[in-house]
Amino acid sequence: MHIPDGILPATVCLGGYATAGAATWYALRKINHQGNPREGIPRASLLTAAFLVASWIHIPIPPASVHLVLNGLLGAVLGYFAMPAILIGLFFQAVLFQHGGLTTLGVNATVMGVTALLAHQIFQLRKVLGASSRTALAVCGFLAGAGGIALAAAAVFTILFSTIPAHLDVQTERAGIYALTLAHVPLAVIEGIFTAMLVLFLQKVKPEVLED
Amino acid sequence: MNLQLDRYADLNTPVHRWDPRCKIIALMALIFSFSFIQDLRLIPVMFATSAVLYAMAGLPLSFLLTRMRVPGFFLFMMGFILPFFSGETVLWHLGPLAIRQEGCLDFVLIASKFMCILTVSFVIFGTTPFITTVKAMRSLGLPYILADMTLFAYRYLFEIGENLKTMQTSMRLRGFRSGPRKMATLAALAGTILVRSYEQSDRVYKAMVLRGYGQPGSFMENFQPNYSRGYAGLVTAITVAAIFVAAQILLHSQTGV
């Protein structure tokens, strides 16, 4: 799901840094308006690290296994801290594990961060549907988790196929975008179910984690 | 768990002694100039530049090869897809599939840029302690929230990773066998990691405040006692990056590639 170095043209990479910078600036501005921002930093940082570690858990899907992206869940739990958290998580993945890349960090952060912020808004719907309802929590958790990954997949493959410096005709590009996005639908469903289960677990064990 | 990204950061080479702020600016400019390249004739120069830089950094080749293993899978996938789908000039027929010239050249371009960018990024992060790199980024204008979060997350990433490993071992010892129907248990495992981190963050914050966290000057960093400025290196790297960009524009205007 992370676009590596070398694939995208420099202009797209720089554009990605500009959009990621704008999104991060907006998120930081919102964070700075929330009282003492330093108070939230250790919590957001440890949860950033915890999300990165949780994404290493492999979910068995015969005949293989997948690891989850958890951008939707991250948005749901961290709110506006999700944008810097994703930027840092992707930076670690690029530098420590060579997943993604330094030149594509902006593009990847924009895709994952903006979808995480959208997932946060989706998760807020639970307050409208009924703050104490477990069903509303599970449904909103599912939509945040599945929506986060589905939107990110569609965005990544659209960027990839429309900017990759390869000699692909329009039909091949379109077919590639549709095929790879559709291939991620089962993964989005799994991520949605996993997110719903996880938010139910958090609601039961430590409901403060889900509070803004 | 120890990924030892900066295990060679204590070597004594000109690249190691280079001021981390200048190093970040210079080598990031070089990396972006690499991503600008579209003409295959510039690839040998790009490889030579990366190789000279890596040799100057004194990092062992095994370090590069070990870290290239994971992204090697990506290269394999690109090499598997592009020659069959990109372009029209057929070189060989492989059963019902045709290997196309343009696809092969696209693969060479993408793989070369990928390897060179990765090599230079190892020079940035492999020759300076990671914490010093983040402090250098902070002094270059990185907002304090991002810098603090990066340092905190880096400090606890490996500890939380060890916690996960311990919990997975405990689950296996108690007879847990992973399967599609065990997703609720795996969700609880991930949830436990989050809850533990959440609880730990409160203790960490209180301990940090007691040690002066948030007071002005906590990020004051003087790089000069340990590093030479290296403005010559900065100018050289930016000039090389500018030459790559200019050469690409010139070649593009001549050949339309």
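**Notebook: aromatic cluster and the A–B interface**

I began with Phe125(B), which is buried, its relative accessible area being 6% (buried is under 20%, exposed over 50% and partly exposed in between, with a 1.4 Å probe and protein chains only). I note that this is a predicted model, in which local features need pLDDT of at least 70 and side-chain atom pairs count only at pLDDT 80 or more, while totals for chains, interfaces and linings use all residues. Residues are numbered from 1 along each chain as its sequence is written, chains are lettered from A and ligands numbered from 1 in the order in which they are written, and side-chain values use heavy atoms, with hydrogens and water left out.

**Rings**

I then looked up ring pairs, taking Phe, Tyr and Trp (its six-membered ring) as paired with centres within 6.5 Å, and calling planes under 30 degrees apart stacked, over 60 edge-to-face and the rest tilted. I could follow ring pairs through a cluster of Phe91(A), Phe92(A), Phe125(B), Phe130(B), Tyr154(B) and Phe158(B).

**Interface**

For contact, meaning heavy atoms within 4.5 Å, I list 72 residues from chain B and 69 residues from chain A. The area buried between the two chains (accessible area, 1.4 Å probe, lost on putting them together and summed over both) is about 6300 Å², with carbon and sulfur atoms giving 81%. On the chain B side, Met149(B), Leu194(B) and Tyr198(B) supply 12% of the area buried against chain A, more than any other three residues.

I next searched for salt bridges, that is, a side-chain nitrogen of Lys or Arg within 4 Å of a carboxyl oxygen of Asp or Glu, and the rule finds three across the interface of chain B and chain A. Asp202(B) forms a salt bridge with Arg43(A), where the closest N and O atoms are 3.0 Å apart. Which helix gives the most to the side of chain B that touches chain A? I find that H8(B) does, with 20 residues.

Technical notes
Helices (H or I, at least four residues) and strands (E, at least two) are DSSP runs, numbered from the N terminus.
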